[in-house]
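Subject: The structure I promised you

Hi,

Here is the structure we talked about. Have a look at it first, and then read on for what I found in it.

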Amino acid sequence: TITDLSSSLEAKMSLAMQDFGLPVAAVRNDFERMRAGEISDPGNVHAAMRRFYPDISNAVLEEAVACFHHHERIYPYPTVLGSVETIQWFMSHGLPISLCTTAKLEILEVRLPASGIDLSWFAEVCTWNHEPRKPDPRTLDRIFHKVGVPPHETLFIGDSPTDQKTA
């Protein structure tokens, strides 16, 4: 984990949905269920919003997601303490770093620079835009090929049940 989504994700989603005119209680309830362990893998923003509002149309869902991403641009996520320094340490020792995420590339292109992270630091970036997607372990093949390192000589760091399935 590079950026600390957990510290402000619920607040960002609530604010965005309030601004968009959707009830915020659905967001709060979903996050309460996650904290209680009832939802182990929240999925991406689309999946979460579909859980919040199961009856909205796809068009409204896309507009709500766009509103949320607008809020992400205005209020960037803080970086996890030490994450940027760790990335820079790996780079200074000539060790390639790649990123594998369920986020879309266009979101990373805004989210990471806003948090002080340059996408060029990564030898390869696998996102929601690429097939296969996490948690399919084959998503990592793209990284192994790009950096020229076999899987048994790599370190995979994750922070979610999706990452555990991927590894």
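Let's start with one residue. D30 sits in helix α2. Keep in mind as you read that this is a predicted model.

Is D30 buried or exposed? The cut-off for calling a residue buried is under 20% relative accessible area. D30 has a relative accessible area of 3%, so it counts as buried. Setting aside residues up to four places away in sequence, D30 touches I39, R51 and F52.

Leaving out residues up to four places away in sequence, it touches M13, A26, V27, D30 and F31. So which residues have the most contacts inside the largest nonpolar core? They are M13, M17, V27, M49, F52, Y53 and F68, and the core has 20 residues. The elements that give two or more residues to this core are α1 (9-20), α2 (25-35), α3 (45-52) and α4. Of these, α4 gives the most, with 5 residues.

There is also a second, separate core, this one of 13 residues. Among them are V84, I87, L99 and W121.

**Helix α5**

Two of those names come back in helix α5, which covers residues 83-92: V84 and I87 are buried there, and so is S83. Why do these buried residues line one face of the helix? Look down the axis of α5 and you'll see that they fall within an arc of 100 degrees, so they line one face. The face turned away from that buried side carries the exposed residues E85 and S92. Just after α5 comes G94, which takes a positive phi of about 70 degrees.

**Helix α6**

R111, in α6 (residues 105-114), has a relative accessible area of 11%, so it is buried. Leaving aside neighbours within four places in sequence, R111 is in contact with T3, L5, E72, Y77 and A103. V110 also lies in helix α6, but with a relative accessible area of 27% it is partly exposed. V110 and C100 are 10 residues apart in sequence, and their C-alpha atoms are 16 Å apart in space.

**A cavity**

How do you find a hole inside a model? Rolling a probe the size of a water molecule over the atoms shows where empty space is left. In this structure, there is 1 cavity of 30 Å³ or more. The largest cavity holds about 30 Å³ of space. Sorted by type, the lining residues divide into 2 nonpolar, 1 polar and 3 charged.

**Two cis peptide bonds**

Last stop: the loop between β2 and α7 (141-147), where you'll find P132. The peptide bond from E131 to P132 is cis, with omega near -10 degrees. P135 is in the loop between β2 and α7 as well. A cis peptide bond joins K134 and P135, this time with omega at about 15 degrees.

That's the tour. Happy clicking, and write back with any questions!

Cheers

Methods
Residues are numbered from 1 along each chain as its sequence is written. This is a predicted model: local features need pLDDT of at least 70, side-chain atom pairs count only at pLDDT 80 or more; totals for chains, interfaces and linings use all residues. Side-chain values use heavy atoms; hydrogens and water are left out. Helices (H or I, at least four residues) and strands (E, at least two) are DSSP runs, numbered from the N terminus. Buried means under 20% relative accessible area, exposed over 50%, partly exposed in between (1.4 Å probe, protein chains only). Contact means heavy atoms within 4.5 Å. On a 1 Å grid over the protein atoms alone, a cavity is a set of points where a 1.4 Å probe fits but cannot get out, and a pocket is an open set with protein on both sides within 12 Å along at least five of seven lines; lining residues have an atom within 4 Å of a point. Grid points are joined across faces, edges and corners, and a volume is the space filled by probe spheres set on the points. Ala, Val, Leu, Ile, Met, Phe, Trp, Tyr, Cys and Pro count as nonpolar, Asp, Glu, Lys and Arg as charged, and the others, Gly among them, as polar. A nonpolar core is a set of buried Ala, Val, Leu, Ile, Met, Phe, Trp, Tyr and Cys residues joined through side-chain atoms within 4.5 Å. The arc is that of the directions from the helix axis to the C-beta atoms.
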